[in-house]
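Subject: Handover of a structure

Hello,

Here is the structure I said I would pass on. Please open it before reading the notes below.

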Amino acid sequence: MTNKGKGNLTLVLVLILGVTGLHYGTTKSPWAIHDFYRRLYYIPIILAAFHFKLRGGFMASALVMLLYAPHLLLYFGRLDITVINQLLEAGMFMVVGVITGYLAEESYRRELQLQRQLSQLMKMDLLERKLRQNERLASLGQLASGIAHEIRNPLGIIKTISQTLHQEALEAGEDSLTEGLHIIESETDRANKVIKGMLDFARPEPLHLKPTNGEQVLHELLTVLRSLAKQHQVEIDSRLQSVPPLQADADRLKQAVMNLMLNGIQSMEQGGTLALSLEKGTDSMALITITDQGQGIDKESLPHIFDPFFTTKEGGTGLGLSVTHRIIEEHRGTIDVTSEPGKGTTFKLHLPLAQNHIEEAPHET
């Protein structure tokens, strides 16, 4: 029972005992006063029925009857028709308690039913939105794959020819031509980067899920990223707890977390702290949290950050977060994001634990 429930129970008992005390403490008073006291019993009975439903109304009225009946014998001194009439009239306590409790019970059941229906509607709406998003992503993936394949080969030829001409221009000392060819190579590399992202998004490699040490995966990732973070004057604050093995593909999980951490580092143009944590979540899930102190994301952009090709970063492809989102979903996990412009962004990754651990967990003590 909650503290609120205990408080309501205490109030009901105090009222019942208080009214009973008035009866037994004024046995010499006129019956009209006791008749008034008797009506006061309805207050705790109705309160009990309201707060504790049918069971509360029944038990409160039964307690009142047990306490009130001896008072009648004490007051009148004998069992006669007057006492019996009073007992029958007091039977209304039971009627009021049961009826009020029943009505409260029915109201509570209807409220629960409405809440369940509302929850189901919300889940259906969420599933429908996810289905539409997946359909859009599938269509975009097919389109991106076709475009990427058609463009990649011509770009490779352009880069090969430009590198050859670049070398010849250097030998001939033609500085203006060298600069132009350098720009061509640079832009070709950038286009190739976009194409690679499109291919990663359109044709992902299948996951190889197995029990994985999440702490070890993140430690390996930190080894790679700490030097890059220092170059951007960013300090990484890691708090990795020992958690049961994750059901994950280590390489793809590393890719997803790296995308988020790189975004966080790049968003802190003036430096700052990037926080990374790993802990046991709820419902047999692990929780990875990544928090930066960067520019943040405005409310208008926040719902679209996982959409393909949507980006607010100069020179970004808009595919990194889309790939990350899909990797987490393929792990049967979820990703939540909160952000405040000017203060930073937090990503929370909920990832399932390995199945064997989930099955054994209820037997642990």
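How far apart do the end C-alpha atoms of residues 7-24 lie, and what share of the span is helix and what share strand? The end C-alpha atoms lie 26 Å apart, and the span is 100% helix and 0% strand. Helices (H or I, at least four residues) and strands (E, at least two) are DSSP runs, numbered from the N terminus.

Two notes on the source. This is a predicted model, in which local features need pLDDT of at least 70 and side-chain atom pairs count only at pLDDT 80 or more, while totals for chains, interfaces and linings use all residues. Residues are numbered from 1 along each chain as its sequence is written, and side-chain values use heavy atoms, with hydrogens and water left out.

Overall

The protein contains ten helices and seven strands. Of its 365 residues, 34% are buried. Buried stands for under 20% relative accessible area, exposed for over 50%, and partly exposed for anything in between (1.4 Å probe, protein chains only). The accessible surface is about 22200 Å², and carbon and sulfur atoms hold 58% of that; the areas come from the Shrake-Rupley method with a 1.4 Å probe, and for residues only the protein chains shown count as cover. Among contacts (heavy atoms within 4.5 Å) between residues at least 6 apart in sequence, 70% join residues at least 24 apart.

Annotated spans

The unreviewed UniProt entry places the feature "transmembrane region" at residues 7-24, 59-77 and 83-104. UniProt positions are given in the numbering used here, feature names are shortened, and such annotations may be inferred rather than shown by experiment. In the model, residues 59-77 are 95% helix and 0% strand, with end C-alpha atoms 28 Å apart.

Cores

A nonpolar core is a set of buried Ala, Val, Leu, Ile, Met, Phe, Trp, Tyr and Cys residues joined through side-chain atoms within 4.5 Å. The largest one has 37 residues, and those with the most contacts inside it are Val257, Met261, Leu274, Leu276, Ile288, Ile290 and Phe347. Helix H8 (residues 250-267) supplies the largest share of this core, six residues. Leaving aside residues up to four places away in sequence, Ile290 touches Val257, Leu260, Met261, Leu274, Ala275, Leu276, Thr345, Thr346 and Phe347. There is also a second, separate core of 14 residues, with Val12, Val83, Ala90 and Phe93 among them.

Salt bridges

The structure has seven salt bridges, each being a side-chain nitrogen of Lys or Arg within 4 Å of a carboxyl oxygen of Asp or Glu. Three of them are described here.

- Glu340 and Lys343 pair at 3.5 Å, N to O. Glu340 is partly exposed at 42% relative accessible area, and Lys343 is exposed at 56%.
- Arg239 and Asp237 also pair at 3.5 Å, N to O. Arg239 is exposed at 60% relative accessibility, whereas Asp237 is partly exposed at 28%.
- Asp35 and Arg38 pair at 2.4 Å, N to O. They are three residues apart in helix H2 (residues 31-40), which means they are separated by about one helical turn. Arg38 is buried, at 2% relative accessibility.

Salt bridges that share partners join Asp35, Arg38 and Arg39 into one network.

Single residues

Gly344 is found in strand S7 (residues 344-352) and is buried at 10% relative accessibility. The C-alpha atoms of Gly344 and Gln293 are separated by 4.2 Å, although the two residues are 51 apart along the chain. Not counting residues up to four places away in sequence, Gly344 touches Asp292, Gln293, Gly294, Gly296, Thr338 and Ser339.

Lys53 is in helix H3 (residues 42-76) and is buried at 18% relative accessibility. Gln233 lies in the loop between helix H7 (214-231) and strand S2 (234-240) and is exposed at 61%.

Regards
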